[in-house]
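Dear colleague,

Please find below the structure that I am handing over to you, with its sequence. My findings follow it.

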Amino acid sequence: MSSYRVLIVDDERMSREGIAASIDWSALGMVLVGTAVNGQQALERIQELQPDVVITDIKMPIVDGLQLIEQGLKKSSHIIFIVLSGFGEFELATQAMRFGVRRYLLKPSNEQEITEALLWSKGEVDTIRNNFAKNTSPNVSIALESERIISSTIPSDLLQAIVDADEARLMKISRLWIEQLWSEGVSSPAIQENNNDVLSYIRDQLKSEYGIRTASTVVESQDIQAFQKELGRLYTSYHYYKIDKKAMLVIKIKQLTIRHIQNRQLSLQWLAQNYLFLNSEYLGKLFRQHEGEKYTQFLTSVRMKKAKELLLSHPTLKIYEVAEQCGFEQDPQYFSNVFKKFYSVTPNECRKQPVEDN
């Protein structure tokens with residue numbers, strides 16, 4: 001069985017070491033190849049260690065998580081990123097969606113949550129590996145023969161690579177095509193004109209077939225980088241606007257839950273009536289399908305994580321005050337009972353535990 005190489009990036013030592021120590025990597029068929037304390041160090045490690053999966057915090061000094069994802073994908077477009085976001089940073093984390101990130105963990109995450117995300121990432125890596133094997137086989141459908149491309153198929157081949165989310169193939173086809181034109185002595189103005197014709201074709205197809213409108217940009221150079229940069233923009237536009245609308249709705253539910261966590265009336269029905277204007281039963285089924293848990297379980301998890309954060313970061317807060325800020329304002333005893341069931345200790349016991357245990 002092929003191993004899956006994992007890199008952990010977080011400026012908080014306890015978070016890095018906690019994830020590293022809590023996961024049985026060999027049981028998952030994965031290898032922890034290293035850790036990094038910020039995005040800049042992570043980019044160096046990506047170059048050196050070639051990870052398949054990167055678990056990264058979103059807020060870090062020097063180079064943050066978003067910059068790491070953007071620059072990391074330029075180094076290796078096959079990396080699967082899992083984003084860690086602290087309480088109140090979820091909206092920032094969703095910005096990573098424009099780079100194709102689809103997995104988020106709310107800090108602090110437990111072993112089960114991290115393990116589930118890693119198992120998901122293995123499936124994503126397998127898909128990438130399988131696609132790569134198909135696209136480099138002798139029977140590949142794209143017209144490659146001795147590294148030559150049939151020019152008449154270029155526009156549709158590039159469009160298909162965008163739709164298939166195969167950025168590596170997109171870059172390879174575009175590079176080989178221009179290199180072929182150079183080798184055949186095609187003039188620079190003609191190459192530039194051909195490039196713009198291809199881009200125009202792709203924009204038209206994205207609009208007519210997929211309903212995606214993109215700005216018309218003219219490439220004013222015949223070089224590969226200029227052409228590939230514009231192809232990359234079209235690639236990003238397609239995948240940003242074609243993100244599963246249902247997944248977007250689930251993300252919206254999570255954002256609203258975090259934003260209104262102090263509201264004791266907070267429920268899926270309350271969100272449906274006040275913000276989403278959709279049937280709450282439908283939302284409940286949708287949430288469970290995408291997240292593998294009921295909304296009530298997610299709500300409890302967010303409230304408990306917020307409570308633990310407040311207990312540890314604000315030791316002068318009374319228990320009832322913590323309860324109020326987590327939506328339990330009418331019944332602090334019930335809050336304590338839920339907290340103990342969730343963490344196996346009472347709120348007061350949690351405060352008395354050594355920092356390492358927390």
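**Strand β3 and its surroundings**

Val9 has Thr56 of β3 as its bridge partner. This is a predicted model, in which local features need pLDDT of at least 70 and side-chain atom pairs count only at pLDDT 80 or more, while totals for chains, interfaces and linings use all residues. Residues are numbered from 1 along each chain as its sequence is written, and side-chain values use heavy atoms, with hydrogens and water left out.

Strands (E, at least two residues) and helices (H or I, at least four) are DSSP runs, numbered from the N terminus. Strands count as paired if DSSP finds at least two bridges between them. β1 (residues 4-9) pairs with β3 in the parallel sense over four bridges. β3 also runs parallel to β4 (residues 80-85), to which five bridges join it; there, Leu84 is the bridge partner of Asp57.

Five of the five residues of β3 (residues 53-57) are buried, so the strand is largely enclosed by the rest of the structure. Buried means under 20% relative accessible area (1.4 Å probe, protein chains only). In a regular strand, side chains alternate between the two faces of the sheet. Val53, Ile55 and Asp57 cover one side of β3, and Val54 and Thr56 the other.

**The largest nonpolar core**

A nonpolar core is a set of buried Ala, Val, Leu, Ile, Met, Phe, Trp, Tyr and Cys residues joined through side-chain atoms within 4.5 Å. The largest has 23 residues, of which Leu158, Ile202 and Phe227 touch the most other members. Helices α6 (154-163), α7 (167-183), α8 (188-210) and α9 (224-241) each supply at least two of its residues, and α9 gives the largest share, six residues.

Yours sincerely

Notes
Buried means under 20% relative accessible area, exposed over 50%, partly exposed in between (1.4 Å probe, protein chains only).
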